[in-house]
Every structure is written in structure tokens, then in C-alpha cells.
Amino acid sequence: MNRVNIIGLSLTMLVLVVQIFIPVFNFNNLDIVADILIIFLTYIGFYYGRFYAIILGFIFGVTQDLVTQIDLLGSMAFSKSAIGFGLGTLALFRNIWSPKYRMIFIFLMYFLHFLLFYFFKFNGVSISIMISAQIIVIHSLLSFIIFIVIDKSFFPNGVTSNNN
Amino acid sequence: MSKSRVPFINKDALALLLTLIFSALLLLTQDSSQIRQLKFQVAKLVNTLAYPITWYNSIFSIRVENKLLKKQLVQFTLMNSELESYHEENIRLKEMLNFTMTQPLNFLTANVVGYNFGLPTQSITIDIGNDDGVTKNLPIMDEKGLLGKTFKVGEHASLAQLITDKNFRVSVRIGQERAIGLFIPTHGKYGILEGVRKSMPLNEDEVAFTSGISEIYPPNIPVARVVSIQLDDNNPFQHIVVELVGSLESLDYVFVVL
């Protein structure tokens with residue numbers, strides 16, 4: 001196993017652990033939690049392409065389902081696999097899309113991810129559409145802001161940079 | 001983009017497809033309320049999408065079903081008519097049974113197996129003959145009245161001359177005074193009584209019975225009912241039109257009087 005693989009595996013494990021212990025806050029009696037895994041998946045998609053993003057998205061999703069919501073096992077795996085495919089598109093257009101366009105695309109992918117997930121989660125549950133929409137948007141925004149912060153802070157030539 | 005060794009298989013799309021299928025399988029194996037609702041929605045969607053195919057197939061199944069139902073309808077109609085026939089037969093047999101139990105005469109019951117209403121002799125064929133004790137010139141009747149007499153007897157079947165045959169004659173008694181007359185058939189179920197004198201008081205609907213004078217017919221078998229009476233100054237006898245009492249319309253069974 002070469003050095004890159006060891007670092008990649010370690011980073012994956014670290015992200016998983018961080019996701020498990022990340023703090024939760026309450027909004028309208030519903031738990032809001034930042035999704036670090038989707039941010040990690042954004043980088044995988046951007047640097048390694050669709051295939052790895054899909055596989056890793058599925059593994060992350062299943063792990064997340066097993067840890068947090070066994071009664072909806074498969075829902076996060078489904079949405080993260082689909083989003084892995086979408087985020088992997090970033091690698092195809094790395095030199096074509098502008099940073100602004102990439103950010104819009106990433107936000108849309110995050111939004112789609114939470115839309116899919118909460119479609120499964122709120123299906124058949126009596127909850128208003130407005131609250132559902134707010135939760136989806138808050139989750140998407142929170143993850144997106146964290147992504148921007150991380151990208152701007154730790155990756156000078158990252159996804160939002162012009163130097164790609 | 002990563003390329004597969006097989007050019008027409010996109011590795012990314014295949015990975016996506018497999019992971020989505022596996023995720024969906026995992027999801028659908030759960031039994032939470034959300035998943036139950038999801039299954040319901042999916043089933044509803046599939047049902048809606050498959051409606052044209054279902055509708056198209058249903059036309060064929062309806063055609064087959066229609067054909068089958070038509071066949072069954074014919075069968076049931078036949079069965080129904082058969083049952084109605086049995087019902088009628090049952091009523092008739094009950095009447096006959098009741099009749100034979102109240103009569104002092106000895107009877108043989110026979111099935112009518114053939115009709116001949118044409119020339120030269122109006123007759124019926126019955127399914128009993130010598131072997132059953134039938135001989136020539138035995139009266140036949142139904143539960144209502146006289147129908148004729150046997151005139152040809154075989155081992156297992158006999159021919160009987162009907163009362164409507166133009167050559168048939170039977171001596172009768174009628175009225176309070178038991179006047180003697182002769183029944184002669186005219187057409188159909190009608191006939192005339194000859195030889196009843198004018199002085200004999202007679203009313204319509206009176207019934208003529210066999211007289212007992214004949215060696216063939218025992219006395220008091222109903223023969224005919226008076227329909228009309230005419231008196232002619234030039235004729236010493238009454239002109240009496242009568243209608244047969246026995247029923248020739250549904251000849252299925254008859255009695256042979258021994």
C-alpha cells in the first residue's frame with residue numbers, strides 16, 4: 001500500500017469519526033447537523049472523478065445510516081451515491097467551469113442531496129412543506145459554508161480557486 | 001473520465017446503477033412508516049405507468065371471459081329449460097300418482113315414444129307390449145279421461161289408436177238419466193254425441209262417461225264434456241258438440257287399463 005493510499009484511508013477514517021462527533025443543534029425541534037462527509041466527497045469528486053465519488057459516497061452513506069438511522073438504512077447511501085455521481089462531474093469540467101459556476105453547482109448538489117434524504121425521512125410524516133424546505137436549505141447552506149471556509153482556509157488551489 | 005476495458009460499458013454509470021440499486025434494496029427491506037409509505041407511492045406510480053398495458057391486456061382477457069360467459073349462458077339456458085321440463089314432468093307425475101292411488105282399476109303406466117297424427121290412423125306408440133301384459137283393445141287414458149285403445153301389440157311396444165282418429169267410436173252415458181249416446185270425433189279435440197234423444201234434459205259442461213256396454217271400455221271413464229247443444233225439429237236426437245276431457249297436448253305418459 002503506497003503512501004497516498006494510506007493518507008487517503010486515514011483521512012477517510014478521520015472524516016467519518018469527525019462526522020460522528022460533530023455537534024448537533026436544534027431547529028423547530030429538529031436536529032440540524034453539518035455534513036462533513038459531503039464536503040469530503042466534493043474533494044474526492046473534484047480530484048478523483050465520478051467512480052471514486054460514487055463508491056465512497058455509498059460507503060459513507062451506509063456507515064452514516066448504520067450509525068444514526070438504522071430504520072432508514074439505505075436512504076443516505078442512496079442520496080450520497082447519487083450526489084457522488086454529480087460531484088464527480090466537477091472533475092470532468094475542472095478546466096472549463098469558472099469557480100463561481102462550480103460553487104453554484106456544488107450548492108445545487110448539496111441541496112439535491114438533502115432533498116433526496118429528507119424526501120425519504122419525511123415521507124408519510126405530518127410535517128409542513130415550509131419547515132421541510134427550511135431544514136433542507138439550512139443543511140445545504142451549513143454544509144456549503146463549511147466547505148467554503150475549509151476550501152479558502154486549507155486549499156489555496158482548491159475547488160473555488162481560479163488556479164485549476 | 002475513467003474508461004472501462006469494454007468500450008460500451010461506462011464504469012461510472014455502472015457503479016452508480018449498482019450502488020443505487022443496492023441502496024434501494026436496503027431501503028425497501030426496512031419496515032418503518034416512511035418506507036411503508038414509500039412502497040405505497042412506488043406501487044401507485046408503477047400502477048399508473050402500467051395502466052395502458054393492464055388496460056390492453058384486460059381487453060383480451062375480457063374477450064376470452066366474454067366468450068366463456070356466452071358458452072356458459074347457452075349451457076345454463078339449456079340446463080334451465082331442462083329443469084323446467086323436469087318441473088313440469090314432476091307435477092304431471094305427481095298428478096298421475098295421485099290418480100292411480102284413488103282408482104279401483106288396474107293400470108300399467110307407459111311412456112309415449114312416438115306420435116302419428118296423420119293418415120290413415122291417428123296413433124301413438126307406447127313402450128310396453130306383450131311382455132308387460134298388454135293385449136289388443138285395452139283402453140288407454142290419462143289422469144283426466146279416455147285417450148284411445150291399443151290396436152297393435154308387439155313384445156316391447158304397442159300402437160294405440162287415439163280417440164281423435166276418425167274411425168274411433170265409443171259408447172257413452174250422459175246426464176241425470178244416464179242416456180246412451182255414441183261419441184264420434186270430428187276435428188282436433190272436438191267431437192259429437194249421436195243418439196241422445198231430445199227428451200233427455202242436458203246442460204253444457206256435463207261430462208259423458210264410458211257406458212260399460214262395450215267389451216273394451218270399462219264403465220265410468222270420463223270421455224268428453226258438452227260444449228253446445230242444438231235441437232232440430234226435423235231430427236229426433238239432439239245435436240251435441242263435445243270437447244275431449246283427456247289431454248292430447250302433452251302426451252308423455254299414459255295409463256293402459258287392464
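B:Asp205 is exposed here, with 8 other C-beta atoms within 10 Å. Keep in mind that this is a predicted model. Besides that loop residue, there's a chain contact and a helix pair to look at.

**Loop residues with positive phi**
- B:Asp205 sits in the loop between β8 (190-194) and β9 (207-210) of chain B, and its phi is near 75°, a positive value in a residue other than glycine.
- B:Asn220 belongs to the loop between β9 and β10 (222-231) of chain B.
- The phi of B:Asn220 is near 70°, again positive in a residue other than glycine.
- With 12 other C-beta atoms within 10 Å, B:Asn220 is exposed, since 12 or fewer is the cut-off for that label.

**Where chain B touches chain A**
- Chain A puts 24 residues into the contact and chain B puts in 18 residues.
- On the chain B side, α1 (11-28) and α2 (33-49) each supply at least two residues.
- α1(B) has the largest share of that side, with ten residues.
- Sorted by class, the chain B side has eight nonpolar, eight polar and two charged residues.

**Helix pair in chain A**
- Helix α5 (residues 99-121) and helix α6 (residues 129-154) of chain A have axes that come within 9 Å and cross at roughly 140°.
- That makes α5(A) and α6(A) oblique to each other, and the crossing is right-handed.
- From α5(A), the residues that meet α6(A) include A:Phe107, A:Phe111 and A:Phe114.
- Among their counterparts in α6(A) are A:Ile135, A:His139 and A:Phe147.
- The contact of α5(A) with α6(A) has eleven nonpolar, four polar and no charged residues.

Methods: Residues numbered from 1 in each chain as written. Chains lettered and ligands numbered in written order. Predicted model: local features only at pLDDT ≥ 70, side-chain atom pairs only at ≥ 80, totals over all residues. Contact = placed C-beta atoms within 7 Å. Helix = DSSP H or I, 4+ residues; strand = E, 2+ residues; numbered from the N terminus. Nonpolar A, V, L, I, M, F, W, Y, C, P; charged D, E, K, R; others polar. Axes fitted to C-alpha atoms, helices over the stretch in contact; angles between N-to-C directions. Parallel < 35°, antiparallel > 145°, perpendicular 65-115°, else oblique. Left-handed = near helix turned anticlockwise from the far one by under 90°. Buried ≥ 20, exposed ≤ 12 C-beta atoms within 10 Å, placed from the backbone.
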